[in-house]
Amino acid sequence: MMKTFVLSFCLLVTTFSMTFAQSAQYQTAMSKQIAQLDDPANRAPEKMQEIANTFERIAAAEKTQWLPYYYAAYCYVMNALSEKDKSKVDAIDDKAQAAIEKAESLSPKNDEIYCVKSLIATARIGVDPMTRGMQYGAEAATLLSEAGQINKDNPRVDLLQGQSLYYTPEQFGGSKEKAKEKFELALKKFATFKPASEIAPNWGEAYTKQLLSK
Amino acid sequence: MYKLYFVLLFSGLSSTVLQAQTKISGKITDKKNHPLQGVNISIKDSYDGGTSAADGTFSFTTDASGEQSVIFSLTNYQTQEQKVNLSGAVTLNIILRNDISQLKIVTISAGSIEASSEKNNTVLKPLDIVTTGGAMGDIVSALKTLPGTQQTNDREGLFVRGGTGYETQTFIDGLLVRNPFYSGLPDMPGRGRFSPFLFKGTTFSSGGYSAQYGQGLSSALVLESQDLPERSSYSLGVSPIGINGGLDELSKDKKGSFGIEADYTNLGPYLNVIKPKFEPSVNPEIIGTSANFRRKTSATGMLKFYGYSNWTHMGSIRPSFEYAGAKELFEMKNQNVYTNLSYKELLGNDWKINAGISFSTNTDRITLDTMPKNPDPLKIHNLSQLAQSRIMLTKNIGNYSALRFGGEYQYAVENAAYNDYHVNYADNYTAAFAEGDIYFTPQFVGRVGGRMEYSSKLEKMNFAPRVSLAYKLDQASQLSLAYGDYYQKPEPQYLRFKPDLGYMKATHYIASFQRVANNYTLRVEAYYKKYHHLVKTSPDTATNGTGYAKGIELFWRDRKSVKNLDYWVSYSYLDTKRNYLTYPYEVQPDFAARHTFSVVTKYYISSITTNIGLTYSFATGRPYYNPNLPVNQFMSQKTIDYNSVGLSVSYLTAIRKAFTILVLSVNNVGNFKQVYGYHYSTDAMRREAITPNIPRFIYLGMFMSFGIDRRQETIDNL
């Protein structure tokens with residue numbers, strides 16, 4: 001009896017310490033990569049790819065965490081949005097899509113994931129705005145409005161809605177003034193926004209300020 | 001006893017603490033020894049790993065030890081796993097292989113030009129059809145800027161590679177359209193009935209097309225209807241010649257939609273200002289309505305209905321040719337109804353079904369009168385009805401290959417009445433087809449198929465074999481070959497009087513080279529087409545005519561060289577002769593020009609959100625029949641060369657919340673003289689040039705779209 005108890009106890013301790021070690025390692029690794037993401041020096045596509053690769057490795061090792069996939073998708077979509085050669089955008093965007101879909105399967109109905117999905121759709125518009133504007137523009141807008149319904153306090157929703165209004169020509173429903181209102185609203189929300197954890201999405205405040213100053 | 005556990009526990013912990021860091025480095029290349037950048041290198045189930053640099057090298061350290069798996073992954077390459085023993089520094093030089101499934105695979109392309117929004121790298125986009133200068137939003141007019149087509153603007157239909165307009169068939173979602181054009185007046189053909197906005201994909205095949213399609217000797221225009229709209233919207237269009245409005249409603253669950261549309265056109269006021277060559281007998285009027293319904297029946301299934309109904313009334317009064325001082329009246333009332341119901345679904349196990357039924361009816365009531373000469377005008381009443389059903393099953397085999405087979409049944413009624421004289425017939429037409437797309441490698445595909453048809457009117461069966469091959473030379477270029485037999489029933493006007501005619505037949509041979517890069521497209525195609533059993537009406541009506549067509553065509557499109565300018569150039573060389581209808585022997589027919597050339601330019605000025613489309617078309621003169629010449633000089637004279645410049649300017653703006661387009665469209669801007677041929681009087685003493693009734697048409701319209709913009713909704717709700 002005693003033996004069994006001790007054995008179980010020991011196993012429990014071992015498992016616990018392992019989980020703890022794992023979790024700490026996960027937190028540390030994620031924090032380190034997110035810090036890299038936040039550093040403007042790392043915006044080169046090659047560097048973003050490297051960071052995305054690291055997130056993909058973490059995701060593959062962890063198996064049940066949505067955040068590494070989320071950040072990998074974020075890296076790819078940033079590359080897709082900054083890519084000058086339009087013929088390459090879809091391939092990069094496909095990588096982002098694949099990663100975000102994995103994130104979504106681990107965490108469905110997630111406003112942060114919807115925000116990245118809307119960015120992926122936005123990147124696709126750029127390839128051929130005349131032909132794709134209608135379809136992907138509507139898709140991006142729907143995703144953002146759904147994200148807003150899930151979490152009305154998410155400042156990134158307002159930031160991205162504002163961004164869309166800002167860059168859409170007035171003929172197609174854009175408006176610099178309304179964009180400004182959105183950015184200001186986003187900033188208010190940023191001021192009170194509390195990310196769910198140290199490593200949860202918390203980007204965009206600096207970018208909003210930058211857009212507002214334009 | 002406890003001791004043992006503690007030892008075990010601590011040894012476990014200490015082993016991680018005491019681990020040495022092992023360095024793993026190396027270089028990654030592809031098969032051709034080019035370095036690969038961005039490869040993700042990872043130790044399985046750990047975070048450790050690295051990314052290869054521009055020169056393919058990588059280096060990282062890991063705490064892992066012993067037997068481990070290192071994984072190398074890169075998009076478009078096969079992921080590789082390598083077992084290593086981490087007892088010291090390791091160097092790994094890896095060659096990654098292309099992931100064939102990710103490579104662009106070859107598709108059958110000989111003879112066809114596709115406009116699709118779904119696929120990348122198509123030659124055209126659906127919007128190109130709308131923005132082609134001078135096309136006035138007509139699909140067929142826009143297609144006349146592509147290689148293989150003729151500028152036969154005095155006759156109905158699309159004349160392709162030495163074929164007549166009748167030899168081109170139109171299909172919507174796989175189903176044949178019996179009357180794809182508005183009924184017109186003599187020498188003034190009607191434009192296409194269907195708006196380009198209805199279709200998400202347009203494939204124009206100028207030969208060598210699939211066994212799925214039959215009853216077109218020369219060409220197939222395959223239209224694929226839109227799926228669900230992105231959002232609900234309302235539209236309104238106004239122009240001096242008419243008005244139209246419509247709505248498209250997307251259901252709340254986003255799985256269904258319905259739409260209705262109505263339009264009214266009256267050319268009367270326009271013709272009062274710009275006098276046409278021939279006086280209109282009535283104000284030309286068109287009333288049209290359409291309705292659609294689409295429903296996703298499952299994640300992969302879709303049911304679509306499209307119904308269209310149209311009423312047209314027009315006529316002209318021309319000076320009589322035969323009787324000096326008299327006038328010829330031609331007046332026409334047309335009624336057309338077209339319906340199409342289609343269903344597609346994945347059946348599982350790699351099977352797919354496409355099914356459809358369609359019914360259409362078309363009535364032309366024509367009054368012919370020589371005034372005041374003839375007291376009893378001739379009344380012609382033509383009725384054509386077509387009911388059809390079609391089913392096609394597709395089985396995907398392996399990654400790319402597919403087997404398709406299916407059947408079609410059509411019941412056609414062709415009634416004609418000349419005053420009280422009736423000539424009616426009905427035809428039961430059945431067809432079965434099967435074809436396989438066989439990928440020998442992802443870069444080399446063969447399509448082998450056949451089609452069998454039976455017509456109860458002709459009481460004859462035919463079998464048409466078809467073969468295509470396509471080979472991809474590199475990511476952008478491919479070579480294609482096609483061969484096929486094509487059969488078609490003679491036109492109703494001959495068949496109704498002479499029931500024992502056979503099928504007309506054409507055999508196609510096509511070789512083509514195509515290069516579709518991101519910013520430019522080059523296409524060169526050569527073909528030879530042999531005609532057998534064409535309809536002859538002299539000395540007797542029989543299917544014993546012959547002919548051939550051969551030629552070379554070029555297409556070049558460039559989107560990049562000049563900023564904001566997109567242009568394409570097409571050139572067709574056509575050498576064709578035929579002996580058909582009343583022809584005494586094989587000659588170049590009166591609808592065929594030897595050289596045809598088009599330049600289409602589209603220039604977008606973003607500062608004023610205006611798109612300018614300018615199209616220039618040229619064709620060498622066409623032969624015409626002069627009855628004054630001896631028979632050995634039949635069709636030996638040619639008209640003047642054809643020149644046309646079409647312009648369209650669209651200005652995009654917003655009026656309140658409505659997305660608005662203002663369109664100015666002008667055809668034959670330069671007011672060039674255009675002569676399509678000559679009519680001779682019966683005594684051959686007088687002749688008249690066939691020229692456009694309105695040499696230059698100017699159209700100004702405004703289209704507004706009131707979308708229910710969710711973005712706007714969200715903003716207003718805050």
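1. Helices here are DSSP runs of H or I with at least four residues, strands are runs of E with at least two, and both are numbered from the N terminus. On that count, chain B has six helices and 39 strands. Bear in mind that this is a predicted model: local features need pLDDT of at least 70, side-chain atom pairs count only at pLDDT 80 or more, and totals for chains, interfaces and linings use all residues. As for labels, residues are numbered from 1 along each chain as its sequence is written, while chains are lettered from A and ligands numbered from 1 in the order in which they are written.

2. Overall look of chain B. The C-alpha trace spans about 125 × 60 × 45 Å along its principal axes. Of the 718 residues in chain B, 37% are buried; "buried" is 20 or more other C-beta atoms within 10 Å of a residue's own, "exposed" is 12 or fewer, "partly exposed" is in between, and the C-beta atoms are placed from the backbone. Taking contacts in chain B with a separation of 6 or more, 59% link residues 24 or more positions apart. A contact here means C-beta atoms, placed from the backbone, within 7 Å.

3. The open sheet in chain B. Four strands line up as β3-β2-β5-β6, with antiparallel pairing; two strands pair if DSSP finds at least two bridges between them. At the edges sit β3 (49-51) and β6 (80-86) of chain B, each pairing on one side only. From one strand to the next, the twist averages 20°. Strand β5 (residues 66-73) of chain B runs antiparallel to β6(B), joined by seven bridges.

4. Helix α2 (residues 45-62) of chain A lies across β2 (40-43) and β3 of chain B, at about 30° to β2(B). Axes are lines fitted to C-alpha atoms (for helices, over the stretch in contact), and angles run from 0 to 180 degrees between N-to-C directions. The 18 residues of α2(A) reach 25 Å from first C-alpha to last, close to the 26 Å expected at 1.5 Å a residue, where the expected span is 1.5 Å times one less than the number of residues. α2(A) is mostly covered, with 15 of its 18 residues buried.

5. Helix pair α3/α5 in chain A. Helix α3 (residues 66-82) and helix α5 (residues 111-127) of chain A pack at about 25°, axes 9 Å apart. That is why α3(A) and α5(A) count as roughly parallel; the cut-offs are under 35 degrees for roughly parallel, over 145 for roughly antiparallel, 65 to 115 for roughly perpendicular, and oblique for the rest. The crossing is left-handed, meaning that the near helix is turned anticlockwise from the far one by less than a right angle (clockwise would be right-handed). The contact includes Tyr70(A), Tyr74(A) and Val77(A) of α3(A), and Val116(A), Leu119(A) and Ile120(A) of α5(A).

6. Zooming in on Val77(A). This residue of α3(A) is buried because 27 other C-beta atoms lie within 10 Å. Leaving aside neighbours within four places in sequence, the contacts of Val77(A) include Asp93(A), Ala96(A) and Ala123(A).

7. Helix pair α7/α8 in chain A. The axes of α7 (residues 155-167) and α8 (residues 176-192) of chain A come within 8 Å and cross at roughly 165°. The angle makes α7(A) roughly antiparallel to α8(A). This crossing is left-handed.

8. Backbone spots to check. In general, most residues other than glycine have a negative phi, and most peptide bonds are trans. The bond joining Met371(B) and Pro372(B) is cis, with omega about -5°, and Pro372(B) sits in the loop between β20 (351-371) and β21 (378-397) of chain B. Another cis bond runs from Ser538(B) to Pro539(B), omega near 0°; Pro539(B) is in the loop between β28 (520-536) and β29 (542-558) of chain B. For positive phi without glycine, see Lys109(A), at about 50°, and Asp350(B), at about 70°. Lys109(A) is exposed, with 11 other C-beta atoms within 10 Å, whereas Asp350(B) is partly exposed, with 13.

Methods
Contact = placed C-beta atoms within 7 Å.
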